[in-house]
Amino acid sequence: MKIEGRVWKFGDDVDTDVIIPARYLNTSDPAELARHCMEDLDPEFSGKVSAGDIIVAGKNFGCGSSREHAPIAIKGAGVSAVVARSFARIFYRNSFNMGLPIFEAPEAAERVNEGDELMIDMEAGTITNRTTGDVFTVEPVPRFMRELIDAGGLMEYMKGRVKRSR
Amino acid sequence: MGMTLTEKIIAAHAGLDRVEPGQLVLAGVDLALGNDITSPIAIKQFESAGAGEVFDTGKVALVPDHFTPNKDIKSAEQVKMMRDFSRKFRIENFFDIGEMGIEHVLLPDRGLVVPGDLVIGADSHTCTYGALCAFSSGVGSTDLAAAMMSGEVWLKVPESILFLLEGKPGRWVEGKDIILYIIGDIGVDGALYRSMEYGGSGLPHLTMAWRFTMANMAIEAGAKNGIFPFDAITREYTEKHAKRAFRVFEADGDARYADVKTYDLSTLEPQVAFPHLPENTRPISSVGNIEIDQVVIGSCTNGRIEDLRSAAEVLRGKRVHGNVRMIVIPATQEIYLHALREGLIELFVSAGGVVSTPTCGPCLGGHMGVLAEGERAVATTNRNFVGRMGHPGSEVYLANPAVAAASAVAGRIAGPDEVL
Ligand code: SF4
């Protein structure tokens, strides 16, 4: 699978309270959550971002709460992937569980600029910066997590297991 | 090679003799938890998967605590979804208004989490129960849905960091200060993906309440869990509260730790975390003059009876400063009753504070004390991110209950000794 899009750049320790502020958590509707995505960092973000765009950030992206509303809001805003130096652990598992592609790629996180055009090749494990020509590698995805993706997400995977054990 | 506490508990729940850091396992859960923000998504997933029953009606806990008593129609609908689901699937541990409390204080106090357990919760502060020598970790709503269906969770076995606490903390230094100091030292991703295991000769000075506070904030260092060894203090709490048999795990003498850090508790001062990250800590003596508008004493971090007593000790015979709104929130109904019987509620109200029914409320900027632009609060909560308690232009300073109470009296961030 290949993902292509334009970069929106964020810094270190982007927390779930700025990805989607708690005042909007009385709903889980993706379209409504998407309208407030990143609002406290950049009030215009949801208006500027277009379908397919890629978020590139520093370390510890998604730290803070366990709210799945965070990857839902990002996905709902049309973002096709998040690339970061590192991810907070609950955000990392939530993204896999609900199918938001995320990539740990420290070098890319550092050297990519806002507005660059990226092409992520999941099979090859590479990120190509079409604007500058740079090519970066991404941290490999563990086999179990690829199985999760192949099964169609965690719920499908677990359904298979429950059936087998009964 | 031996195993750490976390490795041992995960191995036992995965039906394995041993596990290694980095290994991915499916582990059985003793309790799966959700709240009024995360459960609705899990319930939708559970129902759309066509699951006919939950894996065990006694091992799921649903606690509406964030926006309750319902702050608006949407919140009411989220809680109603939990209530209907609990009735339909005969969930034994649904705690409605009147019985509810902040989840991470309520569940151990109710004896629903015991030593040796493996607990997951769709709330990041699920790591709180590590204080009881259990493995517990926050996950997302989809994980909760899957666990409600299968009784299992996928886990990557974390590496562990050993934190050795030596010496005896001084007056007004509490569990909150120890964990804030540690986060200040290692940073908000200092324990990313890892387990924070505690040890050292200072542990007997750490009350159960302090240990809950410290395990609670493991996530603020990015950790998967925080965990304390089982000792006489754990035993005393467990014998009073546990509703079922528990199991004592011990780390092996030759367990492997990714890092070992040692702290001398006797040299610590009360700590204050400045906006907008819990790692921005300073000792109380170098805070400077920072005027405040609000004080919040409560939350899953510091809403226990010991915390209210600590605040009351500072507030006795004093009045809250005219420029400050002080909001006190006992974490559970039982704590509320204790505080009532001990005269603490009267003390807080006579001092000019307000006391709320148990709720997360202002901790996440939900209701019951939201900040306006430019306002500052001292809170005993666990996060001071941008906009956490209200307007993105407001500020939250994290501190222990005694410092929060002293600040309420002084009208600026102050240590207890400055007002007593
Ligand atoms: S008190 Fe605050 S941190 Fe604790 S569960 Fe509630 S919102 Fe989360």
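**Close-up views of a predicted two-chain model**

**View 1. The open sheet of chain B.** Five strands of chain B form an open sheet in the order S4-S3-S2-S5-S6, with parallel pairing. Strand S4 (93-94) and strand S6 (135-138) of chain B stand at the edges with a single partner strand each, so one side of each has no neighbour in the sheet. Strands are DSSP runs of E with at least two residues, helices are runs of H or I with at least four residues, and both are numbered from the N terminus. Two strands count as paired if DSSP finds at least two bridges between them. This is a predicted model, in which local features need pLDDT of at least 70 and side-chain atom pairs count only at pLDDT 80 or more, while totals for chains, interfaces and linings use all residues. Residues are numbered from 1 along each chain as its sequence is written, chains are lettered from A and ligands numbered from 1 in the order in which they are written, and side-chain values use heavy atoms, with hydrogens and water left out.

**View 2. Strands S2 and S3 of chain B.** Strand S2 (residues 31-35) and strand S3 (residues 60-63) of chain B run parallel and are joined by four bridges. Within this pair, B:Leu33 stands opposite B:Ala61 of S3(B). In general, strands of a sheet pair through backbone hydrogen bonds, either parallel or antiparallel.

View 3. A:Ala81 lies in strand S3 (residues 81-84) of chain A. The residue is buried (under 20% relative accessible area, 1.4 Å probe, protein chains only), with a value of 0%. Leaving aside residues up to four places away in sequence, A:Ala81 touches A:Ile3, A:Asp53, A:Ile54, A:Ile55, A:Pro101, A:Phe103 and A:Ile120; contact means heavy atoms within 4.5 Å. A:Leu100 is 19 residues from A:Ala81 in sequence, and their C-alpha atoms are 6.4 Å apart.

**View 4. The interface of chain A and chain B.** Chain A brings 44 residues to the contact and chain B 51 residues. The buried area (accessible area lost on putting the two parts together, 1.4 Å probe, summed over both) is about 4000 Å², and carbon and sulfur atoms give 59% of this area. Four salt bridges cross the interface, each a side-chain nitrogen of Lys or Arg within 4 Å of a carboxyl oxygen of Asp or Glu. One salt bridge links B:Arg388 with A:Asp17, whose closest N and O atoms are 2.9 Å apart.

Technical notes. Buried means under 20% relative accessible area, exposed over 50%, partly exposed in between (1.4 Å probe, protein chains only).
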